[in-house]
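Here are my notes on the charged side chains in this one. Have the model open while you read, and click along as you go.

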Amino acid sequence: MSEREVRIEQLIGRRVRDADGRSIGRVEEMICEIELHATGRDYVVCELGVVSFGALDAITANAVVRQLIGVAVRGASMVRYAIPWQAVDLSDPGRPRLNRPLDQRWREHGMD
């Protein structure tokens, strides 16, 4: 695998930090495009869906817990960011971080 290829299970649920090391949430989903080639197809990630549950974020490492909290507190304190793939440093896939400051334009409206 190349430096920009990462297995999904290495990222889902991982805490994402901004360029200053502050936690902005956990990877909830990956948005992909399919590139068709004569020899097959590639799934290319366009953005990461990163979700923060505010004060409850500390207990959301488990996927089931994240989903339960997402349903229970729907909109109460949940913030979702759609972060462009190019803005993520994956030199250590277990500790993804932004390679530029968090841009509030990445925040999806209607989630909080």
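1. Let's start with R26, a buried residue with a relative accessible area of 8%. (Buried means under 20% relative accessible area, exposed over 50%, and partly exposed in between, with a 1.4 Å probe and protein chains only.) R26 is found in strand β2, which covers residues 23-37. A polar atom of the R26 side chain lies 3.0 Å from the backbone oxygen of G13.

2. A word on what you're looking at. This is a predicted model, where local features need pLDDT of at least 70 and side-chain atom pairs count only at pLDDT 80 or more, while totals for chains, interfaces and linings use all residues. Residues are numbered from 1 along each chain as its sequence is written, and side-chain values use heavy atoms, with hydrogens and water left out.

3. For orientation, the protein chain has two helices and six strands, in the order α-β-β-β-α-β-β-β along the sequence. (Helices, H or I with at least four residues, and strands, E with at least two, are DSSP runs numbered from the N terminus.) Of the 112 residues in the chain, 35% are buried.

4. Now go to R80, which lies in strand β4. R80 is buried, at 8% relative accessible area. How far apart are R80 and R26 in sequence and in space? They are 54 residues apart along the chain and 9.5 Å apart from C-alpha to C-alpha.

5. R80 has a charged partner: its side chain meets that of E108 in a salt bridge, 2.6 Å from N to O. (A salt bridge is a side-chain nitrogen of Lys or Arg within 4 Å of a carboxyl oxygen of Asp or Glu.) E108 sits in the segment after β6 (97-98) and R80 in β4 (residues 79-84), so the pair ties together parts that are 28 residues apart in sequence. E108 is partly exposed, with a relative accessible area of 29%. The two side chains also show up as joined by a polar contact of 2.6 Å. (A polar contact is a pair of N or O atoms within 3.5 Å; within protein, one must be able to donate a hydrogen and the other to accept it, and residues adjacent in sequence count only if both atoms are side-chain atoms.)

6. How many salt bridges does a search of the whole structure find? Seven. One of them pairs E9 with R7 at 2.7 Å, N to O; E9 is exposed at 53% relative accessible area, and R7 is partly exposed at 48%.

7. Another bridge to click on is D103 with R105, whose closest N and O atoms are 2.5 Å apart. R105 counts as exposed, at 72% relative accessibility.

8. Last stop, back to strand β2, where E33 lies. E33 is partly exposed, with a relative accessible area of 48%. Which residues form a negative surface patch? They are E5, E33, E35 and D42. (Patches are made of residues with over 30% relative accessible area and no salt bridge, with like charges joined within 9 Å and nonpolar side chains, meaning Val, Leu, Ile, Met, Phe, Trp and Tyr, within 5 Å.) Asp and Glu count as negative and Lys and Arg as positive, while His and the chain ends are not counted.

Terms used. Areas by Shrake-Rupley, 256 points an atom, 1.4 Å probe, with all protein chains shown as cover. Charge placed at Lys NZ, Arg CZ, Asp CG, Glu CD.
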